[in-house]
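Please keep the sequence and the 3D view open as you read.

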Amino acid sequence: MNCDCIERIERLLTEKMQEKFPDGEVAEMVQFQNKTLIFADNESKLILSNPTIGRVRIKKSIRKYETQMLPKFCPYCGKPLFNEGGEK
């Protein structure tokens with residue numbers, strides 16, 4: 001049930017970049033910027049993480065609240081990224 005969407009889409013976007021700049025040379029492949037590496041069951045997996053940010057006012061100061069949300073399903077192919085027990 002492995003999905004290779006991250007790597008596949010990065011390759012496709014790199015190809016699109018090459019098409020857009022045919023006279024150029026790829027200095028760095030296109031990569032998603034918010035990837036998280038997860039280790040489970042003697043295996044590792046890259047998934048896209050979604051950073052969130054909010055602000056809260058406490059008396060006269062404003063504090064920033066940041067967290068990461070990890071998806072349960074691939075946003076591109078819909079395959080589950082973890083089994084029902086929450087493990088990969």
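Of the 88 residues of the protein chain, what percentage count as buried? In this predicted model, the share that counts as buried is 17%.

**Overall layout**

The protein chain holds one helix and four strands, and reading along the sequence gives the pattern α-β-β-β-β. Its radius of gyration is 18 Å, whereas the globule rule gives 12 Å for 88 residues, so the chain is more spread out than a compact globule. The C-alpha trace spans about 55 × 40 × 20 Å along the principal axes.

Taking contacts between residues at least 6 apart in sequence, 33% of them join residues at least 24 apart. The accessible surface of the protein chain is about 7500 Å², and carbon and sulfur atoms account for 51% of that surface. As for charges, the chain carries 15 positive and 13 negative ones, and their mean positions are 15 Å apart.

Thr14 lies in helix H1, while Val26 sits in the loop between H1 and S1. Leaving aside neighbours within four places in sequence, Thr14 is in contact with Val26, Met29 and Val30. With the neighbours of Val26 set aside in the same way, the contacts of Val26 are Thr14, Met17 and Gln18. Val26 can also be placed relative to Glu15: the two are 11 residues apart along the chain, and their C-alpha atoms are separated by 9.5 Å.

| Residue | Relative accessible area | Class |
|---|---|---|
| Thr14 | 5% | buried |
| Val26 | 29% | partly exposed |
| Tyr76 | 45% | partly exposed |

Thr14 counts as buried because its 5% falls under the 20% cut-off.

**The aromatic pair**

How many aromatic pairs does the count come to? The count comes to one aromatic pair. Phe32 and Tyr76 form this pair, with 6.1 Å from centre to centre and 35 degrees between the planes, and the arrangement is tilted. Phe32 lies in the loop between helix H1 (5–20) and strand S1 (35–40), and Tyr76 in the segment after strand S4 (61–69), so the pair ties together parts that are 44 residues apart in sequence.

How values were computed
Residues numbered from 1 in each chain as written. Predicted model: local features only at pLDDT ≥ 70, side-chain atom pairs only at ≥ 80, totals over all residues. Heavy atoms only, no water. Phe/Tyr/Trp six-rings, centres within 6.5 Å; stacked < 30°, edge-to-face > 60°. Helix = DSSP H or I, 4+ residues; strand = E, 2+ residues; numbered from the N terminus. Buried < 20%, exposed > 50% of the residue type's maximum accessible area, 1.4 Å probe, protein only. Contact = heavy atoms within 4.5 Å. Rg over C-alpha atoms; globule rule 2.2 N^0.38 Å. Areas by Shrake-Rupley, 256 points an atom, 1.4 Å probe, with all protein chains shown as cover. Lys, Arg positive; Asp, Glu negative; His and termini not counted. Charge placed at Lys NZ, Arg CZ, Asp CG, Glu CD.
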